[in-house]
Amino acid sequence: RTRGHDVHTMATASSRTPRRQPVRAAGTRLLVAMLVSAVCGVRSSSSDSEPLTVDKVLNEMNITGKGCVVYMAQNGKHTSYGAASRGTQKDMLIRSVDLLFKNYNDREKEDVLIFHTGDFNAMDISDVAKGRPEVYFKLLEEGGEWWSLPANIPEASKAEWELFKRNVRKPFFSEGYRHMIMWYSVRIWKYLERAGYKWVMRMDDDSYLHSEVTYNIFEHMQQQRFLYGFRQIACEISTAPGFMEMVLQHVKKKQIKPTFLYDHCSPRTAAGCHTKGATAVLTKKCETRKVGLRGKGEKGWSHLGYYNNFFVTYIPFWRTQEVQGLLRHIEASKGMYVKRWNDLIIQTIAVQTFMPKKHVHWFNDFTYEHASVNNKGTLVYGGLAPGKGAGKNATAAKAFRSRYGRMKVKVFNNKVREGASKVLWYE
């Protein structure tokens, strides 16, 4: 099988017959309904002429579609999070893909799409793929539909972008990094929909699956009617000023009743969803993972989000008119480029605004690592989350602690309700 580089055609990946159809009866019923509609002149509920809504997505979730695993990879040093102590980005990608296959995909055989901007040659691709036919490298051409400045972001605006000027005392976030935010917030859903996928699981080149996942993740999500799944939680302070206020403009204008967004605000109303007064105390608490929500007497948004270097989601949810309306509003604000409002908080807010809470899943049965390390080899963000029960890899946890001096993130207990006022993070 040829591993294509052409981003405009996904024929090889999308034309393959799905490996499984666990809900065949539902699929048959849908086909019969569509045939009856065509004969009788009755418009199908899935007709292109009708808007796709969240309610419709929930009603049609029993229609199984195929899934894929995606990476956004660089072959070189990451401009924002690179650390020579961990090897090159390609070295890390190879390790991540090897662990993915060892602990999951040797059995499940899902498509693995590795997106890049042209910095992988044929030898690099061979080194990563290792002859595995499920691996496809997909080029996102710079300046093309998927990897370019939006029409409302002129080149001249770069002078206004936060953390865009190189400064040894401050982090630097490149134009490519901001394209990545746009990709995982807005553009990927359309790309994967065109390619024929219904489900997607994201991994980063420094995401490591350290224990076996004994079930098919997409089937599990579908059978349990989960629309979004995550492994870790993060507090986002530095990227957030003004973000929630911008979101609430849209919520109020469209008279949206968020599903559980206000659970993360104090008070639990629109008035409590603001980023004002992101005090040093709150920043310190978030950075040390001492709390998930604001402490006593503190008002505003908790800054609690899904650490989305790993997520699993149902793509049609992101193509609904409700979610697309919010994403268009965020894109119009220019904040992804100017303010570096990242895909973590954007995905989090979309989920908490439109997705019923019961359809959000917190994975905790496998050991997962994603850690940001500075050039001195010091752990600065993220960490390793040991799985529970059979999903625990004590060897990997011990090695991580030995290398960095701490785990940063300990095992999460699903009995602690996500969004509760109890402590969710601790050393």
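Colleague: What share of the chain's contacts with a separation of 6 or more comes from residues 24 or more positions apart?

Modeller: This is a predicted model, where local features need pLDDT of at least 70, side-chain atom pairs need 80 or more, and totals for chains, interfaces and linings use all residues. Numbering runs from 1 along each chain as its sequence is written, and side-chain values use heavy atoms, without hydrogens or water. Contact means heavy atoms within 4.5 Å. For residues 24 or more positions apart, the share is 78%.

Colleague: Which residues of helix α7 are buried?

Modeller: Helices are DSSP runs of H or I, at least four residues, numbered from the N terminus. Buried means under 20% relative accessible area, with a 1.4 Å probe and protein chains only. Helix α7 spans residues 217-224, and its buried residues are I217, F218, M221 and Q222.

Colleague: Is D124 buried or exposed?

Modeller: D124 lies in helix α5, residues 122-129. Its relative accessible area is 10%, so D124 is buried.

Colleague: Which residues does D124 touch, not counting those up to four places away in sequence?

Modeller: D124 lies in α5. Leaving out residues up to four places away in sequence, D124 touches N75, K90 and D119.

Technical notes:
Buried < 20%, exposed > 50% of the residue type's maximum accessible area, 1.4 Å probe, protein only. Helix = DSSP H or I, 4+ residues; strand = E, 2+ residues; numbered from the N terminus.
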